[in-house]
Amino acid sequence: MSEKIPYKIYLSENELPSSWYNVRADMKNKPAPLLNPTTLKPMTFEDLRPVFCDELIKQELNETDAYIPIPDEIREFYRMYRPAPLVRAYCLEKKLGTPAKIYYKFEGNNTSGSHKLNSAIAQAYYAKKQGLKGVTTETGAGQWGTALSMACSYFDLDCQVYMVKVSYEQKPFRREVMRTYGAKVTPSPSETTEVGRKILAEFPGTGGSLGCAISEAVEAATKQEGYRYVLGSVLNQVLLHQTVIGLETMTAMDKYGIKPDIIIGCAGGGSNLGGLISPFMGRKLRGEADYKFIAVEPASCPSLTRGKFVYDFCDTGHVCPLAKMYTLGSEFIPSANHAGGLRYHGMSSILSQLYDDKLMEARSVEQTAVFDAAQKFARVEGILPAPESSHAIKVAIDEALKCKETGEEKTILFGLTGTGYFDMYAYKAFNDGSMTDYIPTDKDLERGFSALPRV
């Protein structure tokens with residue numbers, strides 16, 4: 001188009017998606033089913049009922065319906081902060097001197113500061129609809145716990161959060177936001193659950209992991225009547241809810257005749273990446289368009305780039321089902337770095353299958369390079385990005401600089417999952433020069449691999 005693309009492309013409320021997109025419907029190779037850890041048979045609806053909400057189980061198991069309607073109550077809540085803007089990074093392009101066109105989908109326009117609210121409100125809604133008293137969950141960097149506390153407050157549900165201990169200590173203000181919204185926040189691993197006590201006995205002084213926190217949250221849910229467990233990433237249902245990101249992005253780009261060549265997202269458990277790329281991946285799977293997808297993960301927790309594609313427990317305490325995914329092993333304990341929510345030992349089964357089918361790429365990046373990219377971005381684009389988001393920024397800058405070298409005018413899209421205003425401990429470490437890089441050795445990874453279940 002001849003007209004200049006606006007700095008920010010806003011959609012109207014009428015253009016808010018009315019359905020979530022289920023990429024599994026278009027996948028030739030479906031993700032492998034969750035397995036019952038006792039029988040090693042695929043988990044059924046009845047198997048999952050003690051842990052998850054009924055409607056969410058149906059979404060988890062649904063691999064045939066391409067579009068699943070978003071209830072009106074959830075869409076009404078979305079309207080408080082959605083549609084989210086698609087931003088043209090003109091200032092970053094100028095700073096880099098690149099012919100590339102760079103766009104980012106900004107998900108930080110809500111109090112939780114991230115995309116996590118898209119699924120939190122959906123899961124809280126279904127819990128309330130089922131007549132439950134409350135929900136339990138884990139949180140890593142705190143975005144998910146914050147989002148869920150907001151959603152539970154909205155629906156008058158009790159919210160119990162097990163927060164990875166290192167984040168609990170590094171991010172007291174994120175913790176206090178959760179408490180302000182009424183959540184009970186416990187550092188994990190803790191003495192409040194059997195599995196927590198077991199992990200502490202085996203790993204005294206550990207800073208915890210998402211796998212540990214998941215185990216505690218599941219135990220807490222199953223031992224309290226009227227409670228269910230909800231998860232902020234990894235599961236099919238969560239990636240489904242997050243497709244509002246990609247659907248809005250696609251509508252905005254189509255509106256201005258923009259076609260991205262490269263689509264980049266940070267990758268921990270997969271919710272943000274899956275939400276951004278799924279609608280575009282659907283077009284690729286149907287042969288309607290082609291894109292280059294890049295998942296970016298921390299070098300300290302490299303599940304895609306150095307993990308194994310096998311069945312593994314979703315949690316450290318081995319109380320959850322087995323999922324086939326790229327994994328470092330459920331007993332892998334990541335270093336206490338600043339990768340925030342990208343510390344999970346495994347990757348979404350959907351994204352793992354797409355990666356194994358070579359439909360997307362993966363790169364791992366070191367945290368000092370990530371924060372250097374975050375600083376460059378903040379100084380010209382005016383947003384302080386979350387550490388997680390900054391992994392995508394790092395690779396977006398890398399790709400833009402490649403275009404500078406070759407003269408190619410590629411269009412780059414990345415997901416800016418949220419803001420970093422609760423991550424000042426990490427920014428301080430970077431600014432002080434005390435931040436270091438940690439890359440696990442093959443020996444470090446072997447502990448997790450050696451404990452993989454034989455399936």
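**View 1. Ser19 in strand E2 of the predicted model.** Ser19 counts as buried, because its relative accessibility is 17% (buried means under 20% relative accessible area, exposed over 50%, partly exposed in between, with a 1.4 Å probe and protein chains only). The residue belongs to strand E2, residues 19–21; helices (H or I, at least four residues) and strands (E, at least two) are DSSP runs, numbered from the N terminus. Apart from neighbours within four places in sequence, Ser19 is in contact with Tyr67, Ile68, Pro69, Ile70 and Leu247, where contact means heavy atoms within 4.5 Å. This is a predicted model, in which local features need pLDDT of at least 70 and side-chain atom pairs count only at pLDDT 80 or more, while totals for chains, interfaces and linings use all residues. Residues are numbered from 1 along each chain as its sequence is written, and side-chain values use heavy atoms, with hydrogens and water left out.

**View 2. Helix H5, residues 117–129.** From first to last C-alpha, the 13 residues of H5 reach 18 Å, close to the 18 Å expected at 1.5 Å a residue (the expected span is 1.5 Å times one less than the number of residues). H5 is mostly covered, with 11 of its 13 residues buried. Among them are Leu117, Ile121, Tyr125 and Tyr126. Just after H5, Gly131 has a positive phi of about 85°.

**View 3. Helix H6, residues 143–154.** The end C-alpha atoms of H6 are 17 Å apart, which agrees with the 16 Å that 12 residues should span at 1.5 Å a residue. H6 is largely enclosed by the rest of the structure, because 10 of its 12 residues are buried. The buried residues include Trp144, Leu148, Met150 and Cys152. They pack against H5, E6, E7, helix H8 (172–180) and helix H17 (387–406).

**View 4. An open sheet of four strands.** The strand order is E8-E7-E6-E9, with parallel pairing; two strands pair if DSSP finds at least two bridges between them. Strand E8 (184–188) and strand E9 (227–229) are the edge strands, each pairing on one side only. From one strand to the next the twist averages 20°. Strand E6 (residues 134–139) and strand E7 (residues 158–164) run parallel and are joined by six bridges. Thr139 stands opposite Met163 in E7.

**View 5. Helices H9 and H10.** Helix H10 (residues 210–222) lies across E6, E7, E8 and E9 and runs at about 170° to E6. Axes are lines fitted to C-alpha atoms, for helices over the stretch in contact, and angles run from 0 to 180 degrees between N-to-C directions. The axes of helix H9 (residues 194–202) and H10 come within 8 Å and cross at roughly 150°. H9 and H10 are therefore roughly antiparallel to each other (angles under 35 degrees count as roughly parallel, over 145 as roughly antiparallel, 65 to 115 as roughly perpendicular and the rest as oblique). In this contact, Glu194, Val195, Gly196 and Ile199 of H9 meet Cys212, Ser215, Glu216 and Glu219 of H10.

**View 6. Strand E10, residues 262–266.** Five of the five residues of E10 are buried. Ile262, Ile264 and Cys266 point one way, and Ile263 and Gly265 the other way. In a regular strand the side chains alternate between the two faces of the sheet. E10 runs parallel to strand E11 (residues 292–298), to which five bridges join it. Cys266 stands opposite Val296 in E11.
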